[in-house]
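Let us walk through this protein together, one part at a time. Please have the sequence and the 3D view ready.

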Amino acid sequence: EEIRAVISPHAGYVFSGEVAATSFNQIDKTKKYDNIFIIGSSHRVYFEGASIYNKGNYKMPMGIVKVNTDLATKLIEENRCFTYRDDAHQTEHSLEVQLPFLQYVMQNEFQIVPIVIASQSENQIKKIAKALKPYFTSKNLFVISTDFSHYPDYKNAKIVDQLTAESVATNNPETFLKTIRENEKKNISNLATSMCGWSSVLTLMYMTEGNSDYKYQLLDYQNSGDSQYGDHDRVV
């Protein structure tokens with residue numbers, strides 16, 4: 001079926017690469033998209049709104065990835081929720097780790113719009129979603145970058161992550177937010193977050209909510225404890 005968006009992890013490839021590949025393998029590899037929007041949540045800096053990179057292209061080991069700097073600048077100029085801040089992109093890995101998968105999979109040239117969400121405000125995220133929704137069409141693809149739980153043990157991670165994933169699949173933002181809050185109340189040892197990129201996923205859900213044409217499909221699940229390089233005491 002037509003893929004409008006994929007949700008993909010951004011942990012080290014030895015832990016998350018197979019799950020990411022599963023997401024990208026759903027895309028029509030022959031399709032020529034106008035733009036591929038890549039949205040991640042900031043790990044380093046926090047401010048109102050989001051930063052869009054409009055200063056040039058991404059130089060990757062597999063070659064240059066073109067940024068649609070004209071559209072990036074247009075979004076910044078027309079929406080107060082967007083800005084460009086160098087510190088939001090300088091050490092942020094959540095966007096760039098998605099690019100080799102696109103470079104490997106896509107058979108046509110593509111250009112990206114890289115967006116780092118730095119806000120923790122649901123109202124700001126609604127504004128971001130509203131600004132992006134006109135581009136949520138069959139001509140564009142959205143890649144949402146997020147991992148799920150951080151640092152519980154293996155058994156609890158599987159329980160919490162299943163609940164979180166199922167809440168995303170409801171296509172109901174309030175159900176999703178309620179599930180994250182309920183997970184926090186469980187007092188699970190070492191659970192730092194149920195989803196590190198929750199703001200990015202919430203942005204997608206605000207664009208799809210209330211439309212029964214959109215369906216979320218659960219594809220694959222692993223955590224770092226499933227890798228030969230991970231343990232079962234603290235997982236992502």
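Where is Asn190 found? Asn190 sits in the loop between H7 and H8, where helices (H or I, at least four residues) and strands (E, at least two) are DSSP runs, numbered from the N terminus. A word on the ground rules: this is a predicted model, in which local features need pLDDT of at least 70 and side-chain atom pairs count only at pLDDT 80 or more, while totals for chains, interfaces and linings use all residues. Residues are numbered from 1 along each chain as its sequence is written, and side-chain values use heavy atoms, with hydrogens and water left out.

Asn190 has a positive phi of about 70° although it is not a glycine. Asn190 is partly exposed, with a relative accessible area of 43%; buried means under 20% relative accessible area, exposed over 50%, and partly exposed in between (1.4 Å probe, protein chains only). Asn187 also has its place in the loop between H7 and H8. Its phi is positive too, near 55°, in a residue other than glycine. With a relative accessible area of 70%, Asn187 is exposed.

Now follow the chain into H8. How many of the residues of H8 are buried? Eleven of its eleven residues are, so this helix is mostly covered. Among the buried residues are Trp198, Leu202, Tyr206 and Met207. After H8 comes Gly210, with a positive phi near 80°.

What does H8 pack against? One partner is H7: the two pack at an angle of about 160°, with their axes 9 Å apart. Here axes are lines fitted to C-alpha atoms, for helices over the stretch in contact, and angles run from 0 to 180 degrees between N-to-C directions. H7 and H8 are therefore roughly antiparallel to each other; angles under 35 degrees count as roughly parallel, over 145 as roughly antiparallel, 65 to 115 as roughly perpendicular and the rest as oblique. From H7, the residues Pro173, Glu174, Phe176, Leu177 and Ile180 meet Trp198, Val201, Leu202, Met205 and Tyr206 in H8, a contact being heavy atoms within 4.5 Å. These residues divide into nine nonpolar, no polar and one charged. In this count Ala, Val, Leu, Ile, Met, Phe, Trp, Tyr, Cys and Pro are nonpolar, Asp, Glu, Lys and Arg are charged, and the others, Gly among them, are polar.

Another partner of H8 is H5, which packs with it at an angle of about 55°, with axes 8 Å apart. That makes H5 oblique to H8. The residues in this contact include Ile125, Ile128 and Leu132 of H5 and Trp198, Leu202 and Tyr206 of H8. By class, the contact has eight nonpolar, two polar and two charged residues.

H7 has a further neighbour, helix H6 (residues 154-169), whose axis comes within 8 Å of that of H7 and crosses it at roughly 165°. H6 and H7 are therefore roughly antiparallel to each other. In H6, Val160, Leu163, Thr164, Ser167 and Val168 meet Thr175, Phe176, Thr179 and Asn183 of H7. The residues here divide into four nonpolar, five polar and no charged.

Next, look inside. The largest nonpolar core has 35 residues, and those with the most contacts inside it are Phe37, Leu75, Phe82, Ile115, Leu132 and Phe176. Such a core is a set of buried Ala, Val, Leu, Ile, Met, Phe, Trp, Tyr and Cys residues joined through side-chain atoms within 4.5 Å. Which residues does Phe82 touch? Not counting residues up to four places away in sequence, Phe82 touches Ala50, Ile52, Leu75, Ile76, Ile115, Ile128, Ala131 and Leu132.

Gln124 is found in helix H5 and is buried, with a relative accessible area of 13%. Tyr135 lies in the loop between H5 and E8 and counts as buried at 18% relative accessibility. Tyr135 and Asp34 are 101 residues apart in sequence and 9.7 Å apart in space, C-alpha to C-alpha.
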